[in-house]
Amino acid sequence: MPGKIEARITPQTKAILANNTNGHPAPWEPLRALAKQHGLFLLEDSTEAIGSRYQDKLVGSFGDCSVFDFSQPSALCCGEGGMVVTDDIEIVRLLRNYRQHKLTDRSSL
């Protein structure tokens with residue numbers, strides 16, 4: 001899979017988005033190396049693999065940020081909504097700023 005991704009990277013590419021499908025983690029070590037090599041963010045969609053592990057670490061801990069979807073038909077269904085997790089304080093600041101902007105910008109209503 002990393003070889004196919006690398007073939008599609010262009011100067012406009014900002015991030016690699018990979019998912020853990022049906023509880024099976026993606027190959028995160030080579031994906032991290034590829035993202036680092038090209039200076040890209042690595043985004044992890046862990047919706048379908050909550051509780052799964054890759055190299056003794058829980059999914060949701062490999063990307064620069066990871067997302068979990070809580071709408072149907074995901075494994076953890078709460079009606080609707082989702083969650084973003086990261087340990088990068090700059091990404092946290094950007095996401096909080098974006099969320100605050102969206103909450104106060106009523107022009108799109």
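**Close-up 1. The largest nonpolar core of the predicted model.** This core has 13 residues, and Ile16, Trp28, Leu31 and Leu42 touch the most other members. Strand E1 (15-19) and H2 are the elements that give two or more residues to this core. The greatest contribution comes from H2, with four residues.

**Close-up 2. The surroundings of Leu31.** Leu31 is among the residues that touch the most other members of the largest nonpolar core. With neighbours within four places in sequence set aside, Leu31 is in contact with Met1, Pro2, Ile5, Ile16, Ala18, Ala26 and Leu42. Of these contacts, Ile16 and Leu42 are also listed with Leu31 among the core residues that touch the most other members.

**Close-up 3. The stacked pair of Trp28 and Phe62.** The count of aromatic pairs comes to two. In the pair shown here, the ring centres of Trp28 and Phe62 are 6.1 Å apart and the ring planes are at 5°, so the pair is stacked. The two residues are 34 residues apart, and the pair links distant parts of the chain. Trp28 is in helix H2 (residues 28-38), whereas Phe62 is in the loop between strand E4 (57-58) and strand E5 (65-69). Trp28 counts as buried because its relative accessibility is 1%, below the cut-off of 20%. Phe62 is buried as well, with a relative accessible area of 13%.

**Close-up 4. The edge-to-face pair of Tyr54 and Phe62.** The ring centres of Tyr54 and Phe62 lie 5.4 Å apart with their planes at 80°, so this pair is edge-to-face. An angle over 60 degrees is what the edge-to-face class requires. Tyr54 counts as buried, at 17% relative accessibility. Trp28, Tyr54 and Phe62 form one aromatic cluster. Phe62 takes part in the stacked pair with Trp28 and in the edge-to-face pair with Tyr54.

**Close-up 5. Ser52 and its contacts.** Ser52 lies in the loop between strand E2 (41-45) and strand E3 (53-54). Ser52 has 15% relative accessibility and therefore counts as buried. Not counting residues up to four places away in sequence, Ser52 touches Gly23, Pro25, Lys57, Leu58 and Val59.

Definitions and conventions:
Residues numbered from 1 in each chain as written. Predicted model: local features only at pLDDT ≥ 70, side-chain atom pairs only at ≥ 80, totals over all residues. Heavy atoms only, no water. Buried < 20%, exposed > 50% of the residue type's maximum accessible area, 1.4 Å probe, protein only. Contact = heavy atoms within 4.5 Å. Phe/Tyr/Trp six-rings, centres within 6.5 Å; stacked < 30°, edge-to-face > 60°. Core = buried A, V, L, I, M, F, W, Y, C linked by side-chain atoms within 4.5 Å.
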